[in-house]
Amino acid sequence: MASKYLKSEQLPAFLESLAKNARVVAPFKRDGVTQYEPWQSGKDVELDVLLAKQSPKEYVFLQTETYLKFGYEMAPVPEGAEGEDAVPYETVKVDPQNEAPKQVIFGLRPCDVRGFVQMDQVFGGYGGFYFDPLYNARREATTLLAVTCREPRSTCFCTSVGGCPSSREGADVLFTQIEGGFFVEPITDKGEAIAEAAGAALTDPTDTQATEANEAKLASATKVDPAFDLEGVRDALHDNIADKRWADLAMRCVSCGTCTYVCPSCYCFSINDSIVETKGDRYRCWDNCFNPVYTEETSGHNPRAKKMNRFRNRFSHKFWYYPDKYDSLLCSGCGRCIANCPTRIDIREVIRVMGAPKEAPAASGAVAASAAAAAAVAAAADTTTEGKEA
Amino acid sequence: MADTTSGAAKKRLTFADVVPGASTAKAGKLAGNSYVPEIATVVEIIQETPTIKTFRMRFDDPAVMESFSFAPGQVGQLGVFGVGESTFAITSKPSEKEFIQFSVMRAGEVTQALHKLSVGDKVGIRAPMGCGFPMDAWKGKKILFVMGGIGSAALKATIEYCLEHRADYQGVNILYGATHPTNFTYQYDIDEWQKREDIDLTLTIDRECDGWQCDVGMVPAVLERMNPDPANTIAILCGPPIMIKFALISFMKLGFTPEQTYTTLEKRMKCGIGICGRCNVGPKYVCVDGPVFSMAELNELPDEL
Ligand SMILES: Cc1cc2nc3c(=O)[nH]c(=O)nc-3n(C[C@H](O)[C@H](O)[C@H](O)COP(=O)(O)OP(=O)(O)OC[C@H]3O[C@@H](n4cnc5c(N)ncnc54)[C@H](O)[C@@H]3O)c2cc1C
Ligand code: SF4
Ligand code: SF4
Ligand code: FES
């Protein structure tokens, strides 16, 4: 389908039309915090704040999802039964749950979309693993309407991990803010269906509007600073596994797990039961690999008792373990973990340090030293600009 | 459970692939949902040691019971509804068609709840999971089992497999250690094994004890005394971490290579199907890549065992 134009004033009407067939989720600001919430008539979508505090992953991969209801009950005694057959006994009934309401998420950023694309591999059985019916039911019932980033933050680094502020990857429709409204590009069948249903709210764009959208995209891409060179990171993490600098980098971390909860692609979970009298639920809920209990066994033995091991595990998972299994990365460069970490742990720094090949051998010492010096100057320059922006 | 995997294809699946003709949310109930346990009934309970009970259960659905099969070394998630699931090695004979068996050491919440079960109670089982031992590739070799404590559970099915296919293997050698004579599991089988000419069984306890007729000493020391020949041999090791650590040193002293030395790992597992990410050791998941690993494979992993 051809591209469209949506006037800013028409946005509420557009969302209203979507809400007829699906739950609409969008970023809203309340008490100074922007979060994804179900849209209601009269609520103003917040697009000036670049990233909501949390990613929208919770609408597809729920924080807590009951997937099994069960109940203990007495098995009915067959009529006319005698002797042993007439003794009542307890049995259990299970009822699998898998709800997936139709929903449209509007206003998510390309890095948020990419979080879904990355989780899709895990839950979609990529590489011979299992298919997850819970995630996929919700994922298939969800349409993603992404919005190009206008003012990337100093913590953004999508371009270093193969993304960009106007990436179409995984999005069903891409909206780009231009004078007076949005340039609207339906990408998938789902996206086209949305555009069609919107009817008169969408008009044909002029050539100038198309050019303006293109320029906006180019401009935002240049505002994302290169953070590191992805080439060779996986191998370097592998080679540096026993490197002492892991402990230095992890020192400030307080194992709070904030980084895992705000991340659009962190997906690990726990499974638990709850029961009241005879009826109960089995549910899964987000977990956090920074918690020492995550790996602690009943005997008290804990393979990742040390903070350094847990810290190393998260970054290695994103840039080494996951890529080995799923042929892609587990980070979209949204920078939420940097912005929200109470101790300002910076994933870019971790990858710059641990994702760099081991030092060159001593023979070329002089050359290596001068290269290192040049890199140090560049890095210093980097920090200054970052400092100014932040 | 195997029907939900996509084989070796490097492709992301959708409902359309998993349940042909369906792409709605409803399909989740049909799609061989790997999270939903099969209901089974406890048919027999054997008190093995003061802290270990063996449970035999039959799947309530006769079709499930009939089609159930597993490879020696594979595990399952056994759960009590309302308390939770935990991972255990399947300890039945691989040819057993009447029941599925687990041996459970009382430890925390789930295992205590399991220990309170009576015959006739209902449990939930998701099995089999993981990869077993490459028994076919080992045909013609001598198999040496070295186990301690509850480690016997992890190797039970594999021992049974070797005995059922005894002619396929050149030798079956078992070294089994416990702290005290009352702590040996499967005493009834041990009696049988002792009678058989085609099994070389060595039992050892940590310290002298009245009436004890077999070896005395820690497993690694007894192993070194046994001095097994590494030629054409596969060593399988399972037990408490401290035993594994020292037995490995003994194996290396005896000239065993990491390629011919195997063990099975324990890690806290939840989903059991390679999704939740709980059981990783570096890039390997114990639930799908393991629990069986050769020492050569483990040497490649971060030191997080
Ligand atoms: C592949 C594998 C095979 C196993 N085989 C056996 C066996 O044959 N017999 C046996 O008695 N035990 C076995 N275990 C250990 C058994 O799973 C734990 O003892 C059990 O999970 C403890 O659960 P709990 O609820 O009683 O303890 P809690 O302390 O109440 O458990 C809390 C949670 O931690 C997890 N957990 C704690 N310790 C372990 C552990 N060591 N391994 C895995 N998960 C753990 C449980 O899943 C549980 O959800 C095996 C573990 C694994 C991973
Ligand atoms: S690891 Fe950090 S930067 Fe990367 S996607 Fe997650 S929150 Fe964003
Ligand atoms: S948010 Fe920061 S302090 Fe908290 S666990 Fe993550 S890296 Fe550590
Ligand atoms: S237990 Fe979930 S990934 Fe292994």
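A residue is taken as buried when its relative accessible area is under 20%, and as exposed when that area is over 50%. In the predicted model described here, K156(B) has a relative accessible area of 5% and is therefore buried, and E160(B), likewise at 5% relative accessibility, counts as buried. The side chains of these two residues, K156(B) and E160(B), meet in a salt bridge with an N to O distance of 2.6 Å. Both residues belong to helix 5 of chain B (residues 151-164), where a spacing of four residues places K156(B) and E160(B) about one turn of the helix apart.

Chain B, in which this pair is found, contains nine helices and 15 strands, and buried residues account for 57% of its 305 residues. The C-alpha atoms of chain B fill a box of roughly 65 × 45 × 35 Å along the principal axes. For a chain of 305 residues, a compact globule would have a radius of gyration near 19 Å, and the value of 20 Å for chain B agrees with this.

Salt bridges were also examined across the whole structure, which holds 37 of them over all chains. Side chains of opposite charge can pair when their charged atoms come close. In chain A, the side chains of K93(A) and E73(A) form a salt bridge at 3.2 Å, N to O; this pair links distant parts of the chain, with K93(A) in strand 5 (residues 90-96) and E73(A) in strand 4 (residues 64-74), 20 residues apart. With a relative accessible area of 31%, E73(A) is partly exposed.

A further salt bridge, between the side chains of K325(A) and D289(B), has an N to O distance of 2.8 Å and crosses between chains, from helix 9 of chain A to the loop between strand 14 and strand 15 of chain B. K325(A) counts as buried at 10% relative accessibility, whereas D289(B), at 26%, counts as partly exposed.

Another cis peptide bond runs from A127(B) to P128(B), with omega near -5 degrees, and P128(B) is placed in strand 6 of chain B (residues 122-129).

On the surface of chain B, I242(B), F246(B) and I249(B) form a nonpolar patch with about 290 Å² of accessible area together. Of these, I242(B) lies in helix 8 (residues 241-253) and counts as exposed at 54% relative accessibility.

Ligand 2 is surrounded by 13 residues, the closest being C263(A), C331(A), C334(A), G335(A) and C337(A). Helix 9 (307-326) and helix 10 (336-340) of chain A are the elements that give two or more residues to this shell, whose residues divide into seven nonpolar, three polar and three charged.

Notes: Residues numbered from 1 in each chain as written. Chains lettered and ligands numbered in written order. Predicted model: local features only at pLDDT ≥ 70, side-chain atom pairs only at ≥ 80, totals over all residues. Heavy atoms only, no water. Patch = residues over 30% accessible without salt bridge, like charges linked within 9 Å, V, L, I, M, F, W, Y side chains within 5 Å. Areas by Shrake-Rupley, 256 points an atom, 1.4 Å probe, with all protein chains shown as cover. Salt bridge = Lys/Arg side-chain N within 4 Å of Asp/Glu carboxyl O. Buried < 20%, exposed > 50% of the residue type's maximum accessible area, 1.4 Å probe, protein only. Near = heavy atom within 4 Å. Nonpolar A, V, L, I, M, F, W, Y, C, P; charged D, E, K, R; others polar. Rg over C-alpha atoms; globule rule 2.2 N^0.38 Å.
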